[in-house]
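Take a look at the sequence and structure first, then read on.

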Amino acid sequence: MEKVFQALEQEFQKVLETIQQIRDLDSVKTSFLGKKGKLTSMMKQLKDLSNEERAEVGKKINRLKTAFQEKLDSKRVTLKKSEFNKRMEKEWIDITIDPMAEETGSMHPISIMQQRLEDIFVAMGFEVLDGPHIETEFYNFEALNIPEHHPARDMHDTFYFEDGHLLRTQTSPIQIRGMEKLDPPFRIVGPGKVFRCERTDASHDSVFHQFEGMMVDKNISVANLIYFLKTMLGEVFESEVEVRLRPGYFPFVEPGFELDMRCLLCAGEGCKFCKQVGWIELLGCGMVHPNVLRAGNVDPEKYSGFAFGMGIDRLAMLKYDISDIRPLHGGNLNFARVFSIK
Ligand code: DAH
């Protein structure tokens with residue numbers, strides 16, 4: 001009899017060891033302790049034993065019953081613990097991570113610079129105008145005093161459509177559109193994308209951004225031009241700036257100038273930043289050519305004006321110390337994130 005008990009205990013132990021999930025414990029209980037279980041059927045055999053034997057075997061069976069139940073209970077606790085630990089490992093979260101961090105957007109450096117320029121000029125009484133990217137030859141060239149076959153068109157090689165339209169090469173057409181819309185006196189600025197058939201390098205791209213400006217009134221002179229551009233640069237670079245004008249040729253202004261700014265890093269001594277010149281070339285400007293005023297229905301006998309056009313990309317590169325124009329248009333989010341405003 002003793003052997004039978006031992007074998008049963010061993011069998012129970014073996015079965016219990018194979019159990020991995022709590023829900024399987026019930027079937028073990030049924031097969032050993034249930035109504036038709038192995039231990040219960042042994043109880044049924046008690047009646048065939050003598051009184052003495054029955055008392056002893058009965059005790060033994062009861063002890064086994066209690067032992068099996070205890071083992072089942074402690075197995076249940078162990079499995080519960082390990083299931084909990086597994087879940088904790090799978091569903092672990094780091095509550096110290098800021099859940100909104102990845103969602104925060106940021107402004108592109110070109111947009112930051114464009115908005116800054118718009119704010120500066122709006123504060124000085126200028127109106128912000130827009131113009132189409134796809135232009136006619138009239139607005140992009142002819143009205144700007146660049147007739148067909150004029151050599152200035154060579155520098156503005158661009159992408160033409162079959163119907164004669166083209167991708168604008170400059171924001172200067174906004175001057176003509178502005179004159180058509182407004183009666184003098186007026187002050188306008190026009191930011192936007194421009195396109196040229198360029199060989200791409202660190203400072204050239206086939207798409208870039210310009211910021212055009214024009215002021216038309218009675219008795220406008222070069223002094224007014226210098227005042228507004230100097231004020232604008234002082235605001236952008238947040239310091240007093242020194243500027244100089246050099247003669248420059250643009251068919252739509254007469255006289256025309258290139259405006260340079262004294263290098264802010266070396267104060268004119270000469271450094272890597274200004275290529276040892278002490279000055280930084282910034283933009284083209286001048287007094288609006290009478291032909292251009294006429295093309296915009298403004299009487300050059302009564303009114304005069306100044307105009308300027310500059311690269312927003314170039315200004316952003318100078319301000320934020322970016323040495324290559326290409327990442328500005330490269331679409332790499334990590335690049336734009338550096339400029340994120342929080
Ligand atoms: N449109 C010229 C360019 O793309 C820049 C420019 C020069 C604009 C002189 C002007 C200006 O309005 O007066 O090179």
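R326 is partly exposed, with 37% relative accessible area; that label covers the range between buried (under 20%) and exposed (over 50%), using a 1.4 Å probe and protein chains only. Its side chain joins that of D324 in a salt bridge, 2.8 Å from N to O. The term salt bridge here means a side-chain nitrogen of Lys or Arg within 4 Å of a carboxyl oxygen of Asp or Glu.

A word on the ground rules. This is a predicted model, where local features need pLDDT of at least 70 and side-chain atom pairs count only at pLDDT 80 or more, while totals for chains, interfaces and linings use all residues. Residues are numbered from 1 along each chain as its sequence is written, and side-chain values use heavy atoms, with hydrogens and water left out.

**Salt bridges**

By the 4 Å rule, the count comes to 13 salt bridges. Three of them are set out here.

| Pair | N to O distance |
|---|---|
| R76 and D26 | 3.6 Å |
| E238 and K319 | 2.5 Å |
| D324 and R326 | 2.8 Å |

R76 forms its salt bridge with D26. That pair ties together distant parts of the chain, with R76 in helix α4 (residues 51-90) and D26 in helix α2 (residues 25-33), 50 residues apart. Helices are DSSP runs of H or I with at least four residues, strands are runs of E with at least two, and both are numbered from the N terminus. R76 has 33% relative accessibility, so it counts as partly exposed, and D26, at 45%, counts as partly exposed too.

E238 and K319 also meet through their side chains. This pair again links distant parts of the chain: E238 sits in the loop between α8 and β6 (243-247), K319 in helix α10, 81 residues apart. E238 is exposed, at 63% relative accessible area, while K319 is partly exposed at 26%. Elsewhere, salt bridges with shared partners join R244, R246, D260 and E281 into one network.

**The strands around β5**

Why call β5 largely enclosed by the rest of the structure? Because 9 of its 11 residues are buried. Strand β4 (residues 186-195) is mostly covered as well, with 8 of its 10 residues buried.

β4 and β5 pair in the antiparallel sense over 10 bridges, where pairing takes at least two DSSP bridges between the strands. Along that pairing, F195 stands opposite V207 and K193 stands opposite H209. β5 also pairs with β9, antiparallel over 8 bridges, and M215 has F306 in β9 as its bridge partner. Strand β1 (residues 127-128) pairs with β4 in the parallel sense over 2 bridges, with V189 in β4 as the bridge partner of V128.

E212 lies in strand β5 (residues 207-217). Which side chain of opposite charge is nearest to E212, and how far away is it? It's R196, at 8.5 Å, so no salt bridge forms even though E212 is buried. For that charge check, Lys and Arg count as positive and Asp and Glu as negative, with His and the chain ends not counted.

What the E212 side chain does have is a polar contact with the side chain of T171, at 2.8 Å. A polar contact is a pair of N or O atoms within 3.5 Å; within protein, one must be able to donate a hydrogen and the other to accept it, and residues adjacent in sequence count only if both atoms are side-chain atoms. Leaving out residues up to four places away in sequence, E212 touches T171, S172, Q175, I188, V189, G190, F308 and G309, with contact meaning heavy atoms within 4.5 Å.

E212 is also among the closest residues to the ligand, along with Q170, Q175, R196 and Q210; 15 residues surround it in total, using a heavy-atom limit of 4 Å. A polar side-chain atom of S172 lies 3.0 Å from a ligand nitrogen, and one of Q175 lies 3.0 Å from a ligand oxygen. F308 comes in through a backbone N or O atom, 3.3 Å from an oxygen atom of the ligand.

**Helix α10**

In helix α10 (residues 312-320), the buried residues are I312, D313, L315, A316, M317 and L318. They pack against α5 (109-123), β4, β5, α8 (222-237), β8 (279-288) and β9 (304-311). Just after α10, D321 takes a positive phi of about 60°.
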